[in-house]
Amino acid sequence: MTTAAVTEHARVAVLMCTYNGEKYLSQQLESMRAQTHSNWTLHVSDDGSKDGSLAILRAFAASFDDNRVQVYEGPRQGFSRNFFSLIARAEIQADCYAFCDQDDEWDTGKLARATQALGGLQAGLPGLYGTSSELIRASGDRIGRSRIFHKKPGFANALVQNMTTGNTMVLNHAAVDLMRRAGTDVEVSAHDWWAYLLITGNGGTMIYDPYPTIRYRQHGSNLYGENISLRAKWARVSKLFKGDFKTWNALNVAALRKCAHMLTQQSLHRLDMFDRARRASLLSRPVYLLRSGVYRQTWDGQLALIIATFAKRI
């Protein structure tokens, strides 16, 4: 594909993963149909749904006369591997690529805002766009908003935090090309966190938009839910001290080491200092953490990071 400026006419490939999602899938698809930016195609990887998901997708595809919906058989290895399988498909070519879950609802201007933001980047520079979310119950009733972040996005933040959920993310072609060259069989904690790490580590740009471009449905079967209640915050702290955060970091660091040739010198230095902070003695850990420059977006998140460093849980 020849490099093209991302404009309001940009081609957007929506990458959706489904698995037994019939309960909310139609709402998500209709919010896609309602987009003010209409130049999109939908690519769905279904991980072996046993419900009516495939029938809903076929009906949605039949409602268009331009063959814009394609459905593939997923790898059946979990949601993250399913998304990587879509990224790996070289036949999917576009100016921008939007990750899409099966149970949310999009703001009608989501793709328009993303393509406009990414269109302002230098040609060939990997770019990632992500936003806040409006949180809704399974019924569709509003709960509230995800936290708004104010610190600048970047690799120093990405090393210890995925600041936006994948269902808000849109990547430009240079970013997806970078992910394909890095290899889509990579073992990492999640596809969206990996995108943030690799793109910013390569010197690309993450654009954070505080405007909520999705209605993020909170229900019993979604894998990652809201992040504002005391219960949700306690769950994250519990994961940290149970060792989940340390395990995720170990996977991410190992994957970044394998892609060291794709990182900037500054990113390599940050990675090295952060990795030393993870492995060093008690007194040396905070020194290396400080040298790495890593940070989380909120004061309580930063405090948790410092405590986890002393507890050797990073």
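**View 1. Lys312, in the segment that follows helix H12 (299-310).** This is a predicted model, so the close-ups here all show computed coordinates. Lys312 is not a glycine, yet its phi is positive, at about 55°. Most residues other than glycine have a negative phi. With a relative accessible area of 32%, Lys312 is partly exposed.

**View 2. Arg76, in the loop between strand S3 (69-73) and helix H3.** Here's another non-glycine residue with a positive phi, this time about 60°. Is Arg76 buried or exposed? Its relative accessibility is 52%, so Arg76 counts as exposed.

**View 3. Aromatic pairs, starting with Phe83 and Phe99.** The count of aromatic pairs comes to five. In this one, the ring centres of Phe83 and Phe99 are 5.5 Å apart and the planes sit at 65°, so the pair is edge-to-face, the cut-off being over 60 degrees.

**View 4. Phe149 meets Tyr208.** Now the ring centres of Phe149 and Tyr208 are 6.0 Å apart, and their planes make an angle of 40°, so this pair is tilted. Where do the two residues lie? Phe149 is in the loop between strand S7 (142-145) and helix H5 (155-158), while Tyr208 is in strand S9 (residues 205-218), so the pair ties together parts that are 59 residues apart in sequence. Both Phe149 and Tyr208 are buried.

**View 5. An aromatic cluster, and charges over rings.** Trp40, Phe60 and Phe64 make up one aromatic cluster. Look at Trp40 again and you'll find the charged end of Arg68 over its ring, 4.5 Å from the centre. Elsewhere, Lys110 lies over the face of Trp106, and the distance to the ring centre is 5.1 Å.

**View 6. Strand S4, with its residues buried.** Five of the five residues of S4 are buried, so the strand is largely enclosed by the rest of the structure. Which residues point which way from S4? Cys96, Ala98 and Cys100 go one way, Tyr97 and Phe99 go the other, and all are buried. In a regular strand, side chains alternate between the two faces of the sheet.

**View 7. The pairing partners of S4 include strand S1 and strand S8.** Strand S1 (residues 12-18) pairs with S4 in the parallel sense over five bridges. In that pairing, Met16 has Cys100 of S4 as its bridge partner. With strand S8 (residues 170-172), S4 pairs in the antiparallel sense, over three bridges. There, Cys96 stands opposite Asn172 of S8.

**View 8. Trp194 and Leu171 in the largest nonpolar core.** This core has 56 residues, and Leu171 and Trp194 touch the most other members. Which helix gives the largest share of the core? That's helix H7 (residues 191-201), with seven residues. Leaving out neighbours within four places in sequence, the contacts of Trp194 are Phe84, Met179, Ala182, Val186, Val188, Asn252, Ala255, Leu256 and Cys259. There is also a second, separate core of 27 residues, and its members include Met32, Leu57, Val69 and Ala98. In soluble globular proteins, nonpolar side chains tend to be buried together.

**View 9. Thr205, in strand S9.** At 25% relative accessibility, Thr205 counts as partly exposed. Thr205 and Leu128 are 77 residues apart in sequence, but their C-alpha atoms are 6.3 Å apart in space. Not counting residues up to four places away in sequence, Thr205 touches Leu121, Leu125, Pro126, Gly127, Leu128 and Ile199.

**View 10. Confidence along the chain, and residues 1-5.** For the chain, the mean pLDDT is 92, and 90% of the residues reach 70 or more. Residues 1-5 have a pLDDT below 50; in the model, this stretch makes six contacts beyond near neighbours in sequence. Where pLDDT is low, the predicted coordinates should not be read in detail.

Key
Residues are numbered from 1 along each chain as its sequence is written. This is a predicted model: local features need pLDDT of at least 70, side-chain atom pairs count only at pLDDT 80 or more; totals for chains, interfaces and linings use all residues. Side-chain values use heavy atoms; hydrogens and water are left out. Rings of Phe, Tyr and Trp (its six-membered ring) pair if their centres lie within 6.5 Å; planes under 30 degrees apart count as stacked, over 60 as edge-to-face and the rest as tilted. Helices (H or I, at least four residues) and strands (E, at least two) are DSSP runs, numbered from the N terminus. Buried means under 20% relative accessible area, exposed over 50%, partly exposed in between (1.4 Å probe, protein chains only). A charge sits over a ring if NZ of Lys or CZ of Arg is within 6 Å of the ring centre and within 35 degrees of the ring normal. Two strands pair if DSSP finds at least two bridges between them. pLDDT is the predictor's confidence in each residue, from 0 to 100. Contact means heavy atoms within 4.5 Å. A nonpolar core is a set of buried Ala, Val, Leu, Ile, Met, Phe, Trp, Tyr and Cys residues joined through side-chain atoms within 4.5 Å.
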